[in-house]
Amino acid sequence: MGKHEFADKVMENRKRFYCIAYSYVKNEQDALDIISEATCKGLLHLKELDKAEHLVTWMTRIIVNTSIDFIRKNSRTAALPEDSKGYPDDADLRNSQAEEPEREALMDLYNAMDILDPEERTCIVLRYFEAYNFREIAEMLKMPESTVKSRTYRALEKMKQHMTGG
């Protein structure tokens with residue numbers, strides 16, 4: 001895969017990659033910084049990519065690792081500011097009064113994700129935000145599928161307990 005093809009694929013998937021990074025840091029600028037850093041890492045190690053069709057999975061893993069590194073480096077989880085504009089290109093949704101209950105539910109979800117360990121959060125993001133199946137996540141994270149399932153279900157239970165006040 002060449003640099004131009006890499007750039008095209010990254011641009012095609014930029015919103016997906018942004019959502020992954022944002023789910024970790026909940027800050028637009030930090031998420032964009034993570035995407036930039038991950039893209040540089042991907043470009044530097046492009047020769048290690050065995051098949052072009054694996055680029056999205058490969059970049060997803062780089063973004064997850066870069067996000068976790070960012071959190072560890074800054075030793076904090078960024079809080080979503082009150083005046084946050086959310087994801088880019090969503091101005092119409094942000095301004096709609098009808099979307100307020102949905103936005104509150106999304107904030108509750110993000111708050112519940114804050115209690116998760118980075119490994120649990122990764123499983124939740126890949127499974128429910130990016131719609132990977134357990135086998136794909138296991139391959140991506142280089143761990144047994146049973147471990148991915150147990151982390152995912154444990155994370156869901158933690159989130160449920162947090163959201164129900166139990």
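Author: Gladly, and first a term: axes are lines fitted to C-alpha atoms, for helices over the stretch in contact, and angles run from 0 to 180 degrees between N-to-C directions. Helices (H or I, at least four residues) and strands (E, at least two) are DSSP runs, numbered from the N terminus. The model is predicted, so local features need pLDDT of at least 70 and side-chain atom pairs count only at pLDDT 80 or more, while totals for chains, interfaces and linings use all residues. Residues are numbered from 1 along each chain as its sequence is written, and side-chain values use heavy atoms, with hydrogens and water left out.

Reader: Thanks! How many helices and how many strands does the chain have?

Author: Reading along the sequence gives the pattern α-α-α-α-α-α-α-α-α. The count is therefore nine helices and zero strands.

Reader: What share of the residues is buried?

Author: Buried means under 20% relative accessible area, exposed means over 50%, and partly exposed lies in between (1.4 Å probe, protein chains only). The chain has 166 residues, and the buried share of them is 37%.

Reader: Among contacts with a separation of 6 or more, what part comes from residues 24 or more positions apart?

Author: A contact means heavy atoms within 4.5 Å. Of the contacts with a separation of 6 or more, the part from residues 24 or more positions apart is 68%.

Reader: How are α7 and α9 oriented to each other?

Author: Their axes come within 8 Å and cross at roughly 95 degrees. Angles under 35 degrees count as roughly parallel, over 145 as roughly antiparallel, 65 to 115 as roughly perpendicular, and the rest as oblique. Because of that angle, α7 and α9 are roughly perpendicular.

Reader: How do the residues of that contact divide by class?

Author: On the α7 side are E119, E120, C123, I124, R127 and Y128, and α9 brings V148, R151, T152, R154, A155, L156, K158 and M159. Ala, Val, Leu, Ile, Met, Phe, Trp, Tyr, Cys and Pro count as nonpolar, Asp, Glu, Lys and Arg as charged, and the others, Gly among them, as polar. The division is seven nonpolar, one polar and six charged.

Reader: Which side chain does E120 join in a polar contact?

Author: E120 is in helix α7 and is buried, because its relative accessible area is 2%. Leaving aside neighbours within four places in sequence, E120 touches R151, R154, A155 and K158. A polar contact is a pair of N or O atoms within 3.5 Å; within protein, one must be able to donate a hydrogen and the other to accept it, and residues adjacent in sequence count only if both atoms are side-chain atoms. At 2.9 Å, the side chain joined to E120 is that of K158.

Reader: And R121: what is its C-alpha to C-alpha distance to A155?

Author: R121 also lies in helix α7, and with a relative accessible area of 3% R121 is buried. R121 and A155 are 34 residues apart in sequence, yet in space their C-alpha atoms are apart by 7.3 Å.

Reader: How do α7 and α8 lie to each other?

Author: Helix α7 (residues 118-129) and helix α8 (residues 134-141) have axes 10 Å apart, at an angle of about 135 degrees. T122, C123, L126 and R127 in α7 meet F134, I137, M140 and L141 in α8. This contact has six nonpolar, one polar and one charged residues. Given the angle, the two helices α7 and α8 are therefore oblique.

Reader: What is phi of A131?

Author: Most residues other than glycine have a negative phi, and most peptide bonds are trans. A131 sits in the loop between α7 and α8 and counts as exposed, because its relative accessibility is 62%. A131 is not a glycine, yet its phi is positive, about 60 degrees.

Reader: What is the handedness of the crossing of α1 and α3?

Author: Helix α1 (residues 3-12) packs with α3 at about 150 degrees, the axes being 11 Å apart, which makes them roughly antiparallel. A crossing is left-handed if the near helix is turned anticlockwise from the far one by less than a right angle, and right-handed if clockwise. The crossing of α1 and α3 is right-handed.

Reader: Lastly, which residues is A38 in contact with, leaving aside its neighbours within four places in sequence?

Author: A38 lies in helix α3 (residues 28-44). With a relative accessible area of 0%, A38 is buried. Leaving aside those neighbours, the contacts of A38 are M59, I62, I63 and T66.
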